[in-house]
Amino acid sequence: MRTLSILMLASALLLLAGCATMGGPTPAQQAANAQAEALYQRGDYQGAARTWENLAAPGQRSALDDGYRLRAADAWFAAGQRARAAQQLASVDSAALRGNDAARYNLLQGELALPRDPQRALAIAAMLPRTLPPDLELRAARLQLAAASAVGDRWTAARARVRMDPLLHGAARQRNARAAERLLVSLGVPDLQKQAQALPANDAMLPWLAHALHSLGSALPETLPQLTRPAGTLIAQGAGATQEGFHAYHQVALLLPLSGPLRPAGDAVAEGFLCAYYNTPQPQQRPPVRIYDTQGTPAGALAAYQRAQADGADLVVGPLTRDEVTALFASNPALPVLALNHPEGAVNPPPGSVEFGLMPENDGTEAAARMLQQGIRSAVVFLAGSDNEQRAVQAFKAQFEAGGGQVLSVQTLPQDTVNYRAQIQAGVAGLGSDGGFFIAVPPETARLLLPQIRVARLRQPVFASVQVYTGTPNALDRDLDGVQFPDAPWLYDAQPGLPSRAALARDLPAAGGRGARLFAFGMDAYLLSPYFAWLQQHPGSYVAGATGQLSVDAQGHVQRTPIWVHFVNGAATPATGTLSSAPASEAPAP
């Protein structure tokens with residue numbers, strides 16, 4: 001409410017400034033206008049309306065007087081006096097209004113028309129400018145929502161709720177998000193996919209559509225980043241040089257679960273972050289870092305954020321879990337946040353913040369794109385059934401079919417047997433020489449499945465999600481020879497400019513064991529921190545990270561392009577033909 005009051009006061013001052021060029025208000029008018037604005041802010045809408053009415057000289061048709069009449073009409077409407085608002089609005093010369101005043105006039109026309117003619121109200125809402133002050137923007141979205149709901153247009157109603165999302169906070173924002181998701185889910189998969197195809201790549205609706213489709217067991221294809229140049233390139237500046245895109249922070253707060261059941265994950269990320277921090281070749285570019293324990297809970301994350309803000313941080317990295325990120329984003333943080341997970345639902349990061357996660361959907365998207373690139377046009381999918389596996393498969397199916405491929409069958413492998421003959425026979429009907437397999441299963445299951453596929457004399461190539469490999473060499477992986485999967489380049493020392501994994505693993509167990517990918521994720525959190533704002537404004541630019549090439553889309557989602565790995569004589573080995581890393585001389589130094 002305090003923010004809204006400031007905005008309303010700023011709007012009044014802009015009105016006065018605009019009128020000053022045409023003679024301007026007298027000191028007495030300025031005082032009366034400020035009094036009306038104060039009454040409006042306190043909720044005394046009738047008092048504000050009468051004051052603005054008294055300010056408008058009878059019979060005068062100046063822009064100043066029409067501005068007062070417009071504000072009086074607006075205040076009468078806020079007071080619930082619709083007839084008096086309509087009467088006052090009729091006295092306004094709309095042709096003389098410009099900018100936000102013209103938008104306010106049209107908005108009031110729509111609000112007044114809504115009960116008797118929702119179709120007209122919807123048309124007025126559609127023609128309002130897309131860039132308005134927050135108070136008018138929220139009203140415009142609510143008008144659009146009410147009119148669309150009245151005429152039964154669920155898609156437009158959902159768009160209105162998504163439009164409202166960044167303008168709301170706390171519980172109101174959460175209720176609005178749930179209502180938006182219910183509207184979208186009610187449209188069904190075919191309608192959602194059709195709407196998605198008509199939207200531009202950076203439309204704010206797309207994450208909401210993706211979430212709704214996931215709830216319905218489907219997914220949207222991704223627009224994969226087209227990477228062209230690394231961030232951090234040295235640029236001559238006077239007698240020295242500066243790194244393109246680099247932003248120096250004064251103090252960084254790292255929010256991680258360092259106690260409780262999530263401590264091992266928090267420790268691995270923290271060690272990776274600090275490893276990259278101390279690997280920075282220019283010590284003067286390293287800001288002070290303070291680490292805060294979130295205890296792995298939303299309340300702990302909010303408390304850690306508040307402590308970091310009080311301690312003078314100007315960047316927050318973390319928290320790590322989805323619940324924590326959801327809570328922090330819902331609190332409308334004033335500091336920029338590099339969140340290390342995605343929030344629940346389809347909520348985008350607040351302006352100035354981004355979200356970064358090792359998402360299973362990325363495996364499915366990358367596998368589909370690689371199979372299509374290799375001329376594979378039909379696929380059989382096997383999964384073991386976990387939530388992460390299902391998400392990877394949904395993403396694979398959406399991406400593969402959007403690229404012209406056909407998923408012939410999706411087979412869930414039973415957990416009470418090691419014999420998958422029935423699933424293989426059921427799945428491969430119609431699979432030809434241009435076909436392939438995508439498997440989203442853990443290593444133990446893959447080592448049982450692959451020999452049975454070969455016994456069935458099936459020679460089509462096999463692609464997998466990253467979970468097919470633990471990150472640690474295992475002699476049993478000979479059964480997986482030929483299987484391809486996307487992974488973090490640092491695990492194979494395939495990213496120049498980063499410290500050797502083998503060397504680090506001698507002193508830091510997290511760098512060599514099952515936590516190695518989280519260790520790499522922590523390294524990337526640091527490598528991204530000075531560049532993420534610039535990356536979002538420069539499509540095609542990327543940071544050469546430990547988990548892949550890192551870019552940021554228009555909605556603030558970090559996109560990760562991994563390398564491709566295949567098993568050769570049981571050893572996971574980087575494959576040729578993957579995206580090459582930046583030369584060491586161009587690798588960004590935070």
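**Salt bridges, a helix crossing and a pocket**

In the predicted model, a search of the whole structure identifies 17 salt bridges.

Helix H9 (residues 154-164) and helix H12 (residues 205-215) have axes that come within 10 Å and cross at roughly 115°. The crossing of H9 and H12 is right-handed. On the side of H9, the contact is formed by Trp155, Ala158, Arg159 and Val162, and on the side of H12 by Met205, Trp208 and Leu209. Six of these contact residues are nonpolar, one is charged and none is polar.

The second largest pocket has a volume of about 970 Å³. Its lining comprises 36 residues, of which Leu358, Asn388, Val466, Arg517 and Leu518 are the closest to the pocket centre. Two or more lining residues are given by each of helix H16 (360-373), helix H17 (387-402), strand E13 (484-487) and helix H21 (516-528). The largest share, four residues, comes from H17. By class, the lining of this pocket consists of 17 nonpolar, eleven polar and eight charged residues.

Technical notes:
Residues are numbered from 1 along each chain as its sequence is written. This is a predicted model: local features need pLDDT of at least 70, side-chain atom pairs count only at pLDDT 80 or more; totals for chains, interfaces and linings use all residues. Side-chain values use heavy atoms; hydrogens and water are left out. On a 1 Å grid over the protein atoms alone, a cavity is a set of points where a 1.4 Å probe fits but cannot get out, and a pocket is an open set with protein on both sides within 12 Å along at least five of seven lines; lining residues have an atom within 4 Å of a point. Grid points are joined across faces, edges and corners, and a volume is the space filled by probe spheres set on the points. Ala, Val, Leu, Ile, Met, Phe, Trp, Tyr, Cys and Pro count as nonpolar, Asp, Glu, Lys and Arg as charged, and the others, Gly among them, as polar. Axes are lines fitted to C-alpha atoms, for helices over the stretch in contact, and angles run from 0 to 180 degrees between N-to-C directions. A crossing is left-handed if the near helix is turned anticlockwise from the far one by less than a right angle, and right-handed if clockwise. Contact means heavy atoms within 4.5 Å. A salt bridge is a side-chain nitrogen of Lys or Arg within 4 Å of a carboxyl oxygen of Asp or Glu.
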